Amino acid sequence: MKIPSAKIVFNEQDKQEILKSIEESLTTGQLTLGKNGAAFEEEFKKTSGTQYAVAVNSGTSALEIILRILHIQGKEVLIPTNTFFATPTAVQHAQGIVKFVDMDPVTLSFNMDILTQNMSKKTAAIIIVHIGGNITPDIHELVNFCNESGIALIEDAAHAHGSTLDGQPAGSFGIAGAFSFYPTKVITAGEGGMITTNDPKIVEEAKKYRDQGKASFLENKHDRLGYNWRMSELHAAVGKVHLRRLPGFIKERQSIAAKYTEGLKRVHKIRPVTVDSRCQTNYYKYIVVLEKGINRAQLKKDLREKYGVSLSGEVYELPCHLQPVFQNGYKKESFSIAEDFCQRHVCLPVYQGMTDEEVNHVLSALEAELK
Ligand SMILES: Cc1ncc(COP(=O)(O)O)c(C=O)c1O
């Protein structure tokens, strides 16, 4: 049996609808910043529970636009080092100073101690990354503290479409949220991103920034250092249709996760990352931590070669402060919790249409390898 690490599913009806929409764009010539993008934004803001959503061409640009709007140039932005490369580089491209911090060992995210021990007069913002789709239950306290301290709390919600904490959706806690529609995500547009916010000024600015910082759509006058961060109509056509499947996809992923959680009770040397009962995660990733001493690379190889089980990518294998490109600036820093977690976890396959038989095959393969 072959178990892929992930699967992208568009059903026949969705494919037909997307093709019809694309055909219409090709016929009318409206290929960017048109009605598909507007419809995608309208629908997405229901998922994020925000008043506004602005479509852009990637999750990376969504982050950079938010940071540019907040004028973080020359100021510090705190980021847990266990995140994707794009989180810190968005800060650097927006001319801010990245300050990596460690992660909470349970939530894999920020907590109040991490924030208070690392903030300074130079701190303009923090970025909370909802790793694997999990929203930290500490976020309410963090939001209140940041509001009182004049620090912007930004959500990197690239993993967290449709995840909620206490019924509140990802992307609605901070001053703004950034989502990605890269093909590995729970829903995709091929490529794309979305900025979510309740602040109309951020919306106005984001629309300028994504379109080369133009003062107005029709004028050749640029009053912001924008870029081409527009989402094409063709991508929006894909995203708006896939978005409709999100609630169903999440239910399915949660049911697969529940089977893993139950089944893993009989597997030694491995424990699932705890999800707080108040968080309804989308299970973008089902994360498990391996006992110390297990050779992860060997385990992954054996699972693939002996059992046909491919594990999905880690979140993340190498923490950002150890990435070669940052070696000049950050190599002396040490974040023991994140370093340990990054070395010792794996992500089990979760995808639409995964059968009980496939879930059991993954569990049996782990059991056999870890006994
Ligand atoms: C945590 C995180 N932040 C940012 C991004 C960047 O998104 P994109 O690939 O759409 O630019 C990703 C996606 O891959 C991500 O996982």
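In which hand does α1 pass α8? The crossing of α1 past α8 is right-handed. The convention is that a crossing is left-handed if the near helix is turned anticlockwise from the far one by less than a right angle, and right-handed if clockwise.

Two remarks on the source. The model is predicted, and local features need pLDDT of at least 70, side-chain atom pairs count only at pLDDT 80 or more, while totals for chains, interfaces and linings use all residues. Numbering runs from 1 along each chain as its sequence is written.

Back to the pair. Helix α1 covers residues 12-28 and helix α8 covers residues 233-243; the angle is about 155° and the axes are 9 Å apart. Helices here are DSSP runs of H or I with at least four residues, strands are runs of E with at least two, and both are numbered from the N terminus. Axes are lines fitted to C-alpha atoms, for helices over the stretch in contact, and angles run from 0 to 180 degrees between N-to-C directions. α1 and α8 are therefore roughly antiparallel. The cut-offs are under 35 degrees for roughly parallel, over 145 for roughly antiparallel, 65 to 115 for roughly perpendicular, and oblique for the rest.

On the α1 side the contact has D14, E17, I18, S21, I22 and S25, and they meet E233, L234, A237, V238, V241 and H242 of α8. Contact means that the C-beta atoms, placed from the backbone, lie within 7 Å. By class, that contact has six nonpolar, three polar and three charged residues. Nonpolar means Ala, Val, Leu, Ile, Met, Phe, Trp, Tyr, Cys and Pro; charged means Asp, Glu, Lys and Arg; the others, Gly among them, are polar.

Next, α3 (residues 59-69) and α7 (residues 200-210). Their axes come within 10 Å and cross at roughly 120°, so the two helices are oblique to each other. This crossing is right-handed. I65, R68 and I69 of α3 meet I202, E205, A206, Y209 and R210 of α7. Those residues divide into five nonpolar, no polar and three charged.

Now the domains. Domain 1 is 12-243 and domain 2 is 246-370, with bounds from an automatic or database domain assignment. Their C-alpha centres lie 25 Å apart.

Last, the backbone. Most residues other than glycine have a negative phi, and most peptide bonds are trans. D166, in the loop between β6 (164-165) and β7 (168-169), has a positive phi, near 50°. The peptide bond from V315 to Y316 is cis, with omega near 10°. Y316 sits in the loop between α10 (296-307) and α11 (327-330).

Key:
Two residues are in contact if their C-beta atoms, placed from the backbone, lie within 7 Å.
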